[in-house]
Amino acid sequence: MKTEYCNLQTDYKSLKTENNQLKLRHTDLQGKVGDAREQITILDVENTKITNRCEVLHQLNLSLEEDRKSLMSQVSLLLSQYHDLLTQTLDDKEHFHEEEREYSDKMNNLRRQ
């Protein structure tokens, strides 16, 4: 009976030691879980900030693309107007030279008379 009691005491001490070690491990794991949760919260906040920044940049990109299209349309219109003015100027210049030649011819004809 005494041997059994000694065995039970040994088992008790062993189980008590194992229980204390498991409690320490449990406390350590709870700390790690708390740290992990805190890290998750930080990463979640960062993710939200990055997502918002991406949305802002996307909207800015869309706005810039619309501005670019508008500017290209204006450039196209200006080039068309420039072409029309250049054509008109060249026509006017040609017409002026033609009238100048006619005037010169008439003056020469009058001098000959």
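**Overall dimensions.** I looked up the radius of gyration first. The chain has 47 Å, whereas a compact globule of 113 residues would have a radius of gyration near 13 Å. I noted at once that this is a predicted model. Next I checked the box around the C-alpha atoms. Along the principal axes, those atoms fill roughly 160 × 15 × 15 Å.

**Secondary structure.** I asked how many helices and strands the chain has. I found 1 helix and 0 strands. Helix 1 covers residues 2-112.

**Distances along the chain.** I picked two pairs and compared sequence with space. S73 and D35 are 38 residues apart in sequence, and their C-alpha atoms are 56 Å apart. L86 and K16 are separated by 70 residues in sequence and by 101 Å in space, C-alpha to C-alpha. S73 lies in helix 1. L86 lies in helix 1 as well.

**Burial.** What share of the residues counts as buried? I got 0% of the 113 residues. I then read off single residues. Buried means under 20% relative accessible area and exposed means over 50%, so values in between are partly exposed. S73 has 47% relative accessibility and therefore counts as partly exposed. L86, at 37%, counts as partly exposed too. I also noted the total: the chain exposes about 11,000 Å². Carbon and sulfur atoms supply 57% of that area.

**Salt bridges.** Side chains of opposite charge can pair when their charged atoms come close. I counted 2 salt bridges.

- One joins the side chains of K32 and D28, at 3.6 Å from N to O. The two residues are about one helical turn from each other, because they sit 4 residues apart in helix 1. D28 is partly exposed, since its relative accessibility is 38%.
- Another joins the side chains of E65 and R68, at 2.6 Å from N to O. Both residues lie in helix 1. They are 3 residues apart, about one turn of the helix. E65 has a relative accessible area of 31%, so I logged E65 as partly exposed. R68 has 42% and is therefore partly exposed.

The chain has 16 positive and 21 negative ones. How far apart do the centres of the two sets lie? I read 13 Å.

**Negative patch.** D91, D92, E94, E98, E99, E102 and D105 form a negative surface patch. I took E99 as the example. E99 belongs to helix 1. Its relative accessibility is 44%, so E99 counts as partly exposed.

**Nonpolar patch.** I ended on the leucines. L57, L60 and L64 form a nonpolar patch on the surface. Together they have about 260 Å² of accessible area. L60 is found in helix 1. With a relative accessible area of 43%, L60 is partly exposed.

Terms used
Residues numbered from 1 in each chain as written. Predicted model: local features only at pLDDT ≥ 70, side-chain atom pairs only at ≥ 80, totals over all residues. Heavy atoms only, no water. Patch = residues over 30% accessible without salt bridge, like charges linked within 9 Å, V, L, I, M, F, W, Y side chains within 5 Å. Areas by Shrake-Rupley, 256 points an atom, 1.4 Å probe, with all protein chains shown as cover. Salt bridge = Lys/Arg side-chain N within 4 Å of Asp/Glu carboxyl O. Lys, Arg positive; Asp, Glu negative; His and termini not counted. Charge placed at Lys NZ, Arg CZ, Asp CG, Glu CD. Buried < 20%, exposed > 50% of the residue type's maximum accessible area, 1.4 Å probe, protein only. Rg over C-alpha atoms; globule rule 2.2 N^0.38 Å.
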